[in-house]
Amino acid sequence: MRPLNAVPEEGERAGRHRPLRALRQGFTLAWRSLLKIRHSPDQLLDLSLMPITFVVLFTFLFGNAVAGNWHAYLRYVLPGVAVQALVFSSVNTAVGLNSDVRSGIFDRFRSLPVARAAPLIGRVLGDVVRNAICLLVVLAVGAVLGFRPHAAPLSVLAACGLILLFSLSVCWPAALVGLLARSPESVGGFSFVLIVPLTFGSNVFVPTGQLPGWLQAWVRINPVTRLSDAARGLMLDLALGRTVPVSLLWTAAIAVVFAPLAVLAYRRRT
């Protein structure tokens, strides 16, 4: 038995710092993925056109029918559209990972002295930064149309942080889909089958009380509904109830379940 005051062996020290090493290298690879935007500015079109389309289309399409006035409807729908836009952007995580696996980039990373999970972490972190850009575009378009938060700046920042945190957790099931799918085409089809019930089967566009009774049961337990209510409450200074803690619980649950599954699928594919 080794004495308690003995110096740890090199392998033990490496194992002890392995998670921090993987995270540090993940940040480096996330920066690498973001540098692609500088060399391919067309990627900014996807980050900007989708949220702009969502805000403008849904505001003027449903505004008069739901609220009788699109100005009033904008106050209701914008926080939910921000959530929807970031959930839809998780498809980019799935498609990007699937393309990277098929191109063999992860095999080349394995020949380098980097942690095994660093490329996966880097991809997810890079997409969270893209989601932040998407969120800023949604808020900017809303401001142009006349959306004004009624809460303190810290509450608005808390709403944005809550949405971004949820987008980080949603990246993990998206990563799992991208790693399991056989082609980018199947990634898109399978992702939309999962995303459409979450986003459109919520109260993003219509208050829960105005929906059919059979649909309200699903809407009430939908994590997108909870997050949209929390974002509205924080941005518009409305009663929050339990929406914030429930949103955080959903965020943690999604990450706890799907992050290990994504890592396991990544290890098997690479």
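Start by selecting S167, and show the residues that touch it: leaving aside neighbours within four places in sequence, S167 is in contact with L86 and N131. The model on screen is a predicted one. S167 sits in helix 7, which covers residues 153-180. Is S167 buried or exposed? Its relative accessibility is 3%, so S167 counts as buried, the cut-off being under 20%.

Next, select T93. This residue belongs to helix 4. T93 has a relative accessibility of 0% and therefore counts as buried. Which residues does T93 touch, not counting those up to four places away in sequence? They are R123, D127, C171, A174 and A175.

Now zoom out to the whole chain. The protein chain has eleven helices and zero strands. Coloured along the sequence, the chain reads α-α-α-α-α-α-α-α-α-α-α. There are 270 residues in the protein chain, and buried residues make up 46% of them. Among contacts in the chain with a separation of 6 or more, 78% are between residues 24 or more positions apart.

Select F54, V55, I163 and F205. The largest nonpolar core has 42 residues, and these four, F54, V55, I163 and F205, touch the most other members. Which elements give two or more residues to this core? They are helix 3, helix 4 (70-103), helix 6 (118-145), helix 7 and helix 10 (223-236). Helix 4 supplies the largest share of the core, with 13 residues.

Keep F205 selected and display its contacts. Not counting residues up to four places away in sequence, F205 touches F58, F62, V66, Y73, Y76, V77, V81, Q84, T199 and F200. For a second stop of this kind, select V101, L120, L179 and A259; they are included in a second, separate core, which has 13 residues.

The aromatic rings come next. The structure holds eleven aromatic pairs. Select F54 and F88 to view one of them: their centres are 5.4 Å apart, with 65 degrees between the planes, and the pair is edge-to-face. This pair links distant parts of the chain, as F54 is in helix 3 and F88 is in helix 4, 34 residues apart. Are F54 and F88 buried or exposed? Both are buried.

Select F60, which is placed in helix 3 (residues 43-67). The relative accessible area of F60 is 42%, so F60 is partly exposed. I52, V56 and F60 form a nonpolar patch on the surface. How much accessible area do I52, V56 and F60 have together? The figure is about 230 Å².

Note on methods. Residues numbered from 1 in each chain as written. Predicted model: local features only at pLDDT ≥ 70, side-chain atom pairs only at ≥ 80, totals over all residues. Heavy atoms only, no water. Helix = DSSP H or I, 4+ residues; strand = E, 2+ residues; numbered from the N terminus. Buried < 20%, exposed > 50% of the residue type's maximum accessible area, 1.4 Å probe, protein only. Contact = heavy atoms within 4.5 Å. Patch = residues over 30% accessible without salt bridge, like charges linked within 9 Å, V, L, I, M, F, W, Y side chains within 5 Å. Areas by Shrake-Rupley, 256 points an atom, 1.4 Å probe, with all protein chains shown as cover. Salt bridge = Lys/Arg side-chain N within 4 Å of Asp/Glu carboxyl O. Core = buried A, V, L, I, M, F, W, Y, C linked by side-chain atoms within 4.5 Å. Phe/Tyr/Trp six-rings, centres within 6.5 Å; stacked < 30°, edge-to-face > 60°.
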